[in-house]
Amino acid sequence: MLSRLAGSVFHVGAAVERTDVVARLLDVYLARRDPALPADDREVAAALRAVVGAASAGADADRTATIDALALDRHEAASIAHAIAVARDHARRAREVVSTELWECLDVTRSRMPRKIAPGRAHEFLGWARERSALAVGVVEGDVSRDEVWEFFTLGRSLTRCAVTARLLASGLLDPASVASWATALRACGAGEAFQRGREVPGTAADAAAFLLLDEHSPRSLRFLVRRAHDCLTDVAPACVADEVADFAAAAQALGAVAPASAATAARRAGSRLAEAAERVVAALDARVFAEGAPVR
């Protein structure tokens with residue numbers, strides 16, 4: 001596949017996933033704020049901006065301003081509005097390999113993206129954003145052959161969710177010793193119901209941490225994400241990013257060495273290392289693969 005096409009497909013996957021990730025985080029931590037969170041809205045907002053990789057820390061931004069910035073600001077690279085525009089633009093550039101159904105899904109989503117959210121309607125908008133992301137993912141998972149197009153799309157998705165989830169674990173939003181804090185983090189990652197299902201008694205902080213870091217089967221867990229990303233990298237990443245891929249594999253191996261009983265205390269360190277490794281892989285791909293004119297092998 002040509003590098004420009006590979007890059008566009010990768011960024012479609014990353015942007016579609018960012019739409020879902022940011023919508024869930026905003027909904028749980030700000031739109032429907034959990035009483036267990038710190039009382040200072042500005043403290044939560046600043047930490048959340050750092051987790052999603054917003055351009056500014058936003059130390060002075062309150063809850064409403066942060067929702068507006070991370071949901072609607074088309075000039076903020078971490079926002080939902082920007083992610084939706086990026087997904088549509090890159091799908092347009094890759095029309096020769098992107099299915100018509102996916103293109104139409106992203107085009108309609110971009111055309112229906114609002115410029116304002118009515119007071120009290122943030123939760124409704126964020127639910128819509130998650131649904132549109134899920135629809136795009138469903139189109140790819142249901143229709144696309146498991147070839148390079150699927151692998152670059154899935155790689156973009158996996159690295160994006162891995163980096164944001166890892167930054168959440170390393171952030172001040174999470175108190176490793178608090179069951180309530182872990183429950184909030186699970187909901188923000190879309191894993192709350194999966195964690196609770198089948199449990200006769202409430203899980204402990206260690207149980208929740210082990211699920212979000214180490215579960216083999218949950219697509220929201222770090223172990224699942226790093227394995228899926230590494231599988232895609234093994235298939236499609238060229239030799240020019242081998243060092244970054246090796247660092248990512250080492251971070252994944254360190255995560256695998258964490259014992260379930262100590263997952264809560266290991267979360268911050270493991271999250272910080274994985275986030276940095278995932279970000280280095282993305283930067284290397286952008287600089288040395290997708291920017292080049294040669295085919296990706």
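**Close-up 1. Two buried phenylalanines, Phe152 and Phe290, form an aromatic pair.** Phe152 is buried, and Phe290 is buried as well, where buried means under 20% relative accessible area, exposed means over 50%, and partly exposed lies in between, with a 1.4 Å probe and protein chains only. The model shown here is predicted, and local features need pLDDT of at least 70, side-chain atom pairs count only at pLDDT 80 or more, and totals for chains, interfaces and linings use all residues. Residues are numbered from 1 along each chain as its sequence is written, and side-chain values use heavy atoms, with hydrogens and water left out. The structure holds four aromatic pairs, a pair being rings of Phe, Tyr or Trp (its six-membered ring) with centres within 6.5 Å, counted as stacked if the planes are under 30 degrees apart, edge-to-face if over 60, and tilted otherwise. One of these pairs joins Phe152 and Phe290 in an edge-to-face arrangement, with 6.1 Å from centre to centre and 70° between the planes. Because Phe152 lies in helix H7 and Phe290 in helix H13, this pair ties together parts that are 138 residues apart in sequence; helices (H or I, at least four residues) and strands (E, at least two) are DSSP runs, numbered from the N terminus. Together with Phe10, the residues Phe152 and Phe290 form one aromatic cluster.

**Close-up 2. The largest pocket is lined by 20 residues.** Its volume is about 450 Å³. On a 1 Å grid over the protein atoms alone, a pocket is an open set of points with protein on both sides within 12 Å along at least five of seven lines, a cavity is a set of points where a 1.4 Å probe fits but cannot get out, and lining residues have an atom within 4 Å of a point. Grid points are joined across faces, edges and corners, and a volume is the space filled by probe spheres set on the points. Of the lining residues of the largest pocket, Ala14, Arg18, Ala77, Thr160 and Val282 are the closest to its centre. At least two lining residues come from each of helix H1 (3-31), helix H4 (80-93), helix H7 (148-169) and helix H13 (263-290). The lining of the largest pocket divides into 13 nonpolar, four polar and three charged residues, with Ala, Val, Leu, Ile, Met, Phe, Trp, Tyr, Cys and Pro counted as nonpolar, Asp, Glu, Lys and Arg as charged, and the others, Gly among them, as polar.

**Close-up 3. The second largest pocket has a volume of about 280 Å³.** Among the residues that line this pocket are Arg24, Asp27, Arg32, Arg130, Arg187 and Glu193. By class, its lining has six charged residues, together with two nonpolar and two polar ones. Helix H1 gives the largest share of this lining, three residues.

**Close-up 4. Two cavities of 30 Å³ or more are counted in the model.** The largest cavity has a volume of about 80 Å³, and the residues that line it include Ala15, Val16, Thr19, Ile84, Leu106 and Arg132. Helix H6 supplies the largest share of the lining of the largest cavity, four residues, and by class this lining has seven nonpolar, three polar and one charged residues. The second largest cavity has a volume of about 50 Å³, and Val21, Leu25, Arg161, Val164, Thr165, Leu168, Ala188 and Cys189 line it. Here the largest share, four residues, comes from H7, while the classes are six nonpolar, one polar and one charged.

Close-up 5. A disulfide is a pair of cysteine sulfur atoms within 2.5 Å. The cysteine sulfur closest to that of Cys232 is in Cys162, 12 Å away, which is too far for a bond, and Cys232 counts as buried because its relative accessibility is 3%. For Cys240 the closest cysteine sulfur is that of Cys232, at 17 Å, again too far for a bond. Cys240 is partly exposed, with a relative accessible area of 37%.

**Close-up 6. Ser79 sits in the loop between helix H3 (63-72) and H4.** With a relative accessibility of 0%, Ser79 counts as buried. Its side chain reaches the backbone nitrogen of His82 at 3.0 Å.

Notes: Polar contact = N/O pair within 3.5 Å; in protein donor to acceptor, adjacent residues only side chain to side chain.
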